Amino acid sequence: RYQFGPMRITSGFRCPNHPEERKKKRGGAHSIGHAADISYSNGSQLYILISQAPRVGMKGIGTGKSFVHLDDKHPYLDRGNGVAWTY
């Protein structure tokens, strides 16, 4: 937040019955309170989010058209390595 400024969280904790969580074989990082989707409005904000995320312990980074998913406990990680994807 110090680097980025105020953030708009579009999705935080999701209960196991949330429609997005019900689609999965096992719950994702949102369902265990370890993920957030943060909206951005330009390329420089996107750059700040994805470049700073690993420095603050985020291991899962997913980029969408208008948001970034960040999590520190991605359920599909193997041995603590990070993972990145696009939507």
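**View 1. F67, W85 and Y87 come together as one aromatic cluster.** Welcome to a predicted model, in which local features need pLDDT of at least 70, side-chain atom pairs count only at pLDDT 80 or more, and totals for chains, interfaces and linings use all residues. Residues are numbered from 1 along each chain as its sequence is written, and side-chain values use heavy atoms, with hydrogens and water left out. The structure holds 2 aromatic pairs; rings of Phe, Tyr and Trp (its six-membered ring) pair if their centres lie within 6.5 Å, and planes under 30 degrees apart count as stacked, over 60 as edge-to-face and the rest as tilted.

**View 2. F67 and Y87 form a tilted pair.** Their ring centres are 5.1 Å apart and the planes meet at 40°. This pair links distant parts of the chain, 20 residues apart: F67 sits in strand β4 (residues 67-71), and Y87 in the segment after β5 (83-86). Strands are DSSP runs (E, at least two residues), numbered from the N terminus. F67 is partly exposed at 22% relative accessible area, while Y87 is exposed at 57%. Here buried means under 20%, exposed over 50%, and partly exposed in between (1.4 Å probe, protein chains only).

**View 3. W85 and Y87 form an edge-to-face pair.** The distance is 6.1 Å centre to centre, with 75° between the planes. W85 is partly exposed, its relative accessible area being 24%.

**View 4. T63 is a buried residue in strand β3 (residues 60-63).** Its relative accessible area is 19%. Leaving aside neighbours within four places in sequence, T63 is in contact (heavy atoms within 4.5 Å) with L46, I50, V68, W85, T86 and Y87.

Notes: Helix = DSSP H or I, 4+ residues; strand = E, 2+ residues; numbered from the N terminus.
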